[in-house]
Amino acid sequence: MVKALHTEICDILGIRYPIFQGAMAWVSDEFLVSAVSEAGGLGIIASGNAPGDWVEQRIIETEKRTKKPFGVNVMLLSPFVEDVIEAILRHDSVKVVTTGAGNPGKYMEKFKSRGIKVIPVVASVALAKRMERIGADAMIAEGNESGGHVGQLNSMPLVPQIVDAVSVPIIAAGGIADGRGIVAAMALGAKGVQMGTRFIASTECNISDEYKQKIISANDRSTVVTGNATGHPVRVAKNRLAREFMKLEAEGATKEQLEEFGRGKLQLAAKEGDVQNGSVMMGQCAGMINEIKPVKAIISDIIKQAEEKVKELCNQAL
Ligand code: TUI
């Protein structure tokens, strides 16, 4: 392996490659997570809005499938946050927690006192600085190119500004789906990457074929951000649901009406395969994903492409 791809995040977490699998609600279960960890990356269980006992079951099932490190994501908007955290603390196998969609400050001490590495997703320099002060071990800087709940800044300006503002390792997320993306992220100062959409289009990912096909058939302009009016903007595939949602927003629907309209729609797409009326969360990089592959091949192809790109750049510099 080209040494450039081995970074301190590999040593901190005991993983071979600095590649995290983004935690995606209804998507990142024991099958995907164990496949990613077995392939040398960091698999991360998504808790989404699920109850604590459901998350605990995913942890138990992942423990059966891999002895390699894996993580659990706490989605901070969930009504079950406290229960999910209690479930995590009951399992010594969980050595890494990532958080999303909020500020995990009040839970930090609980994780730290148990030796769990805490890696919050941040979408601004201000939150990154706050997270460093309260002991985050690393951070995921996630750009607006991502699928699902998104912040305002794009990855290209976000990652270097966060790298400059804090001294913990930064993992870049948003818009990355191949080896070129890893090398670009590292050039911006990141010590690793997180990818979500790329891993949905994998053999092991336990969701509807229709959802996977929506990614395979996407082009560069297939996604849109909806929900700015709810305060929780979400990047999704442009489909019937997205168009209806935008129409409601334009007509001035209330936050409550929009939230009610969106309820259960991710499950509808992910589990029932209704990709017209369901919410197909995916990132802008969907347009560059053209094939469903086993997780091991996804990771090894990306590493190979990144190594070749590093060599190519070094040769150009000579
Ligand atoms: O969390 C995500 N992505 C998600 S969560 C999700 S479930 C959901 N569904 C509907 C509405 C809302 C959520 C689907 N996708 N990514 C991590 C992420 N965190 N992206 C952006 C942020 C973020 C944004 C603002 C983190 C912190 C923040 O500010 C908090 C503060 O207090 O400053």
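Good morning. The structure is a predicted model, in which local features need pLDDT of at least 70 and side-chain atom pairs count only at pLDDT 80 or more, while totals for chains, interfaces and linings use all residues. Residues are numbered from 1 along each chain as its sequence is written, and side-chain values use heavy atoms, with hydrogens and water left out.

Strands here are DSSP runs of E with at least two residues, helices are runs of H or I with at least four, and both are numbered from the N terminus. Two strands are said to pair if DSSP finds at least two bridges between them. In general, strands of a sheet pair through backbone hydrogen bonds, either parallel or antiparallel.

This sheet is open, its pairing is parallel, and its order is β1-β9-β8-β6-β5-β4-β3-β2. At the edges stand β1 (19-21) and β2 (43-46), each pairing on one side only. From one strand to the next, the twist averages 25°. Angles run from 0 to 180 degrees between N-to-C directions, and axes are lines fitted to C-alpha atoms, for helices over the stretch in contact.

Strand β3 (residues 70-75) and strand β4 (residues 94-100) are parallel and share six bridges. Phenylalanine 70 is found opposite valine 94 in β4. Helix α3 (residues 52-65) lies across β2, β3 and β4 and runs at about 170° to β3. Helix α6 (residues 125-133) also packs on the sheet, touching β5 (117-122) and β6 (139-142), and its direction makes about 165° with that of β5. Contact means heavy atoms within 4.5 Å.

I turn now to the sheet of three strands. What is its strand order? The order is β7-β11-β10, in an open sheet with antiparallel pairing. Its edge strands are β7 (148-149) and β10 (223-226), each pairing on one side only. Helix α11 (residues 240-250) packs on this sheet, where the helix touches β10 and β11, and its direction makes about 35° with that of β10.

β7 pairs with strand β11 (residues 234-237) over two bridges, whereas β10 and β11 pair over four bridges. Valine 234 in β11 is the bridge partner of histidine 149, and threonine 226 also stands opposite valine 234.

The loop between β10 and β11 contains asparagine 228. Apart from neighbours within four places in sequence, asparagine 228 is in contact with Pro233 and Glu249.

Histidine 149 brings us to the ligand. How many residues surround the ligand? There are 14, and the closest are Ala101, Val121, Leu127, Glu142 and His149; a residue counts as near if one of its heavy atoms lies within 4 Å. By type, the shell divides into seven nonpolar, six polar and one charged residue.

Three of these residues deserve attention for their distances to a nitrogen atom of the ligand. For alanine 101, a backbone N or O atom lies 2.9 Å away from a ligand nitrogen. For glutamate 142, a polar side-chain atom lies 2.9 Å from a ligand nitrogen. For histidine 149, a polar backbone atom is 2.9 Å from a ligand nitrogen. The protein covers 74% of the 720 Å² of accessible area that the ligand has on its own, by the Shrake-Rupley method with a 1.4 Å probe.

Note on methods. Polar contact = N/O pair within 3.5 Å; in protein donor to acceptor, adjacent residues only side chain to side chain. Nonpolar A, V, L, I, M, F, W, Y, C, P; charged D, E, K, R; others polar.
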